[in-house]
Amino acid sequence: MKSLVIAEKPSVAADLARVLGKVPKKGEHYENDEWVISSAVGHVVELEMPEDIDKKKYGFWRLEMLPIIPEKFGLKPIEASKDRFTQLKKLLARKDVDQVINACDAGREGELIFTYLYQLTKAKLPVKRAWMQTMTPGGILEAFKNLRDGAQMAGLADAARCRSESDWLIGINGTRALTKRMFGSRAGNVASVGRVQTPTLAIVYAREQEIRNFKPRAYWRITAKFEITKGSYEGVYQRANFKKAENDDHDRIDRIWEKAFAEAVLAACQGHPPATVSEEKKASSQAAPRLYDLTTLQREANNRYGFPARRTLQIAQALYERHKMITYPRTDSRALPEDYIPTCREALTNLSGGLAPHAKKVLDEGWLRPNKRIFNNAQISDHFAIIPTAHEAMHLDESEAKVFDMIARRFIAVFYPAAEFDITTRLSVIKEQYTFKTEGKVLTFPGWLAVYGKTMLDDDSPDSKALPALDAADGQPPTAKTIEAILHAETTKPPPRYTEATLLSAMEGAGKLVDDEELAEAMKERGLGTPATRADTIDGLINQKYMERMQRELAPTPKAESLLQFLGAVKADALTTPDMTGEWEYKLRQMEHGKFPRDKFMAEIVEVTKGIVDRTKHFEEDESNSRVTDIISPTDGKPMLETLRGYKSRDGVLTVYKVMTGRKLEESEVRQLVNAGEIGPLDGFVSPRTGNRFPAKLRIVDNLKKEGQRRVELDFGNKFELAELTPFWTDPKTGAELCEAPTSYVLREREGDAWKQTFSVGRLMCQKPIPREAAIQMVTQGKSDLIQGFISKKGRPFDAFLLRAGPKISWEFPPRKPRVGKDGKPIERKAKVPPDLSKGIVIGESKLLKGEIVQTDDAYYVRKPDQEGRIVFTLKRHLCQKELPTEEVRELFENGRTNLIEGFISKRGSAFSAYLVLKKNKTEFEFPPR
């Protein structure tokens, strides 16, 4: 009889077949006398949707049909992977197979993939579990040598089902209820909610509210420069008898809140008064940071390299699965098993390159030894910290190499001794009452910092503040001469927006940002989501247009604001309170270990679901929960009411929605719109189809579909009669006239008896109003003066000249200002060395890019011979481990699309075929139909 092994992905099945005795491939699976090895393709089975349960009853979204609470959750094959499901069903029914081994990923989601598959196929085979911590041959053999009994995994399977079913109940019911209440029958609008995603969004929105409501306060700081025999140093004034004010996070010992007192301190420092100097020295040490779990790795990769959390997870999964160079990455533990010292010795011995000397030192010095901070069975569950394996590094791309270096360096550093510092605190007191503090820090022993290349603190490093030493010549007690004192006027700053790094921390602590390592460890069990799902949660919120990335910051959109305000109004705390979701996550973890019953958990979720639906269905907006504004409606002459979604006239004739086409209207803008009947052009409207921002005017017009009603419409500025515009400037030479259209300045010229448009420029560009003078300059000189304060799509300010290029405009940018170092001197930019194409071969012409195609050893380039060989496009010769055929590259550059190319390898190790397509000066994959 044979054992059937089911892996999570085809690439893992191939690894298992190779390690378990070079099992040959037979059709879609691997088979010999002992093993039949196949795989899922991620999830192949899913929960039935409401319309699958009863299409007539649930096919249309109706409030009266909610809540939908199935007595038993049905399963169905996922349409896209139906063929794979059928293959696995046949294998599970084979008469020559006497057991099935679940070799899906060692975690909750891997357990769910297998559990649902096993249930829907109605399999009856005994189940064993292969729990693989590493994908090295040794790790695979170890897992198959110590197979777990299927019954041991019942807790994990229960938690996996509960996670899936609770997400279904809250997601389906909450989304349908809120969508119907918020948007009614307006097509295309969905208010998606979820057990984890909505509390995560609430964290980001709460921070945005803090920023908006923040009122800056002025304060003053005083710095003074002192001189002693061996040099000079700077001190910061410290308030006497300081005690931090309660409920004031901004109060600091060096901040003075009264300007008069600050000026009095400054006056006391004039005339170079002597200062009495005292100092205290103490030794300090800093232990190496602990090993990585997934969230810490994602956080640091985001801080260091700007990688989104999902990207870091993909890289870590590739290092684990394809390269077999690290242990299982989807972990929340930062410790190792207590019997792992021999494994660590093997991994340290294997490290090469610049890491090898540091790893060798750990072994030579005997630093690899029992240590509860590193080896601790109480701090591991089914997984442990991410560390390198003994597998040799092979063909890593740049991103993979960066993440592997982070993991390997942290692994070595954790065994090193603590870094040691000498910290000097010097107090300089003027006139016996004004104290200035100076801190010096000198690295005396690098310890683990040596692994990161620090053997001493550089003089210009922010950590290095070596002070000039006191000397006998300075007297007893020592005195210093006050050279100068400077008063700094500053204001308090609002809290920063979340980045992916800080949001991951907040999710891990269920909304509480915790810096203390031990406390953070204790709170992990009540975090939002799991390490494996947090990246998908953040990406999901961005894809659903609830959040947007602004450089590295995450900001909620107007859609998020509307949703959370509505949830607040209906008191749906279960969806907005991170603590409650954190508690659920804790119960799921307890369930994994058999300490919390599945039926009790689901009963709680059902009650919460019913509560959300009931409060949403029965919530009514009236004057009692609306605000009377000072905006007078033109329809009835009465103040308008502010409701959750907009501003309504009392007679119900006019509603101005707070969010229009992805842009939130401020109350001052609504006031101007209602008073004048129009406003704009305003920037920041978002196309639902492309996601691009655009400017438009807003006008109040009659609603042609509803007699007697009025509505607000967007005027894109493209519907106007050229002859009816009023000119504000006439060209004395040609008679051409510049006119102001709704969203642009238009130049019109006579053509017989009619007018024709010959040029236009937006009145609002990149959030910057364009003055009439600039439009006149473009017509008369071909170029405007420098316009300052444009804002790019990524939120960065920039300055530019606007140029007339025929009927349109183009941009010209001033030379970049040199970056300035700490010394105030410009930092020289390293010139980018263009690729040397002298040895390249010209293989054709690109009609699309109007240049010649040049092939070199590592890339294809398109250059313009008439522009001194300027390179306008670059394409690497190797893409996803596939060398691009020359004839297909010609096809791409000539026609914008290749034929179907086979043999690409994805980051997960799966082979795929695709077309390459030119889009907006970049290459994208286009996939054939499945």
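Student: Where is the place of P477?

Tutor: P477 sits in the loop between β14 (434–445) and β15 (479–491); helices (H or I, at least four residues) and strands (E, at least two) are DSSP runs numbered from the N terminus. The model is predicted, so local features need pLDDT of at least 70 and side-chain atom pairs count only at pLDDT 80 or more, while totals for chains, interfaces and linings use all residues. Residues are numbered from 1 along each chain as its sequence is written, and side-chain values use heavy atoms, with hydrogens and water left out.

Student: What kind of peptide bond joins Q476 and P477?

Tutor: The bond is cis, with omega at about -5°. A cis peptide bond also joins L66 and P67, with omega about 0°. P67 belongs to the loop between α3 (55–58) and β6 (75–77).

Student: How many helices and strands does the protein chain have?

Tutor: The protein chain has 24 helices and 44 strands. Its C-alpha trace spans about 95 × 95 × 75 Å along the principal axes.

Student: How much of the protein chain counts as buried?

Tutor: Of its 930 residues, 47% count as buried. Buried means under 20% relative accessible area, exposed over 50%, and partly exposed in between (1.4 Å probe, protein chains only).

Student: Why does N247 count as exposed?

Tutor: The relative accessibility of N247 is 84%, which is over 50%, and therefore N247 counts as exposed. This residue is found in the loop between β11 (231–238) and α9 (259–268).

Student: Why is Q767 called partly exposed?

Tutor: Q767 has a relative accessible area of 47%, between 20% and 50%, so it is partly exposed. Q767 lies in the loop between β31 (764–765) and β32 (768–769). Although Q767 is not a glycine, its phi is positive, at about 65°.

Student: Why does Y647 count as buried?

Tutor: With 4% relative accessibility, Y647 falls under 20% and therefore counts as buried. Y647 belongs to strand β20 (residues 646–648).

Student: Which residues does Y647 touch, not counting residues up to four places away in sequence?

Tutor: Among them are T629, I631, M640, L654, V656, E667 and V670; contact means heavy atoms within 4.5 Å. Y647 and E667 are 20 residues apart in sequence, and their C-alpha atoms are 9.1 Å apart in space.

Student: What makes helix α15 mostly covered?

Tutor: In α15 (residues 500–508), eight of the nine residues are buried. They are E500, A501, L503, L504, S505, A506, M507 and E508. Just after α15, A510 takes a positive phi of about 50°.

Student: How do you know that α5 and α7 are roughly perpendicular to each other?

Tutor: Helix α5 (residues 108–120) and helix α7 (residues 154–183) pack at an angle of about 90°, with their axes 9 Å apart. Axes are lines fitted to C-alpha atoms, for helices over the stretch in contact, and angles run from 0 to 180 degrees between N-to-C directions. Angles under 35 degrees count as roughly parallel, over 145 as roughly antiparallel, 65 to 115 as roughly perpendicular and the rest as oblique. The two helices are therefore roughly perpendicular.

Student: Which residues make the contact?

Tutor: R108, E109, E111, L112, T115, Y116 and Q119 of α5 meet L156, A157, A159, A160, R161, R163, S164 and E165 of α7. By class, this contact has six nonpolar, three polar and six charged residues.

Student: In what order do the strands of the open sheet with antiparallel pairing stand?

Tutor: The order of its three strands is β42-β43-β44; two strands pair if DSSP finds at least two bridges between them.

Student: Why is one side of β42 and of β44 left without a neighbour in the sheet?

Tutor: β42 (901–905) and β44 (922–926) stand at the edges, each with a single partner strand, so one side of each has no neighbour in the sheet. Neighbouring strands of this sheet are turned by 55° against each other on average, direction ignored.

Student: How many bridges join β42 to β43?

Tutor: Three bridges join β42 to β43 (residues 911–919), and the two run antiparallel. F912 in β43 is the bridge partner of F904. Helix α24 (residues 886–895) packs on the sheet and touches β42, β43 and β44, its direction making about 35° with that of β43.

Definitions and conventions
Ala, Val, Leu, Ile, Met, Phe, Trp, Tyr, Cys and Pro count as nonpolar, Asp, Glu, Lys and Arg as charged, and the others, Gly among them, as polar.
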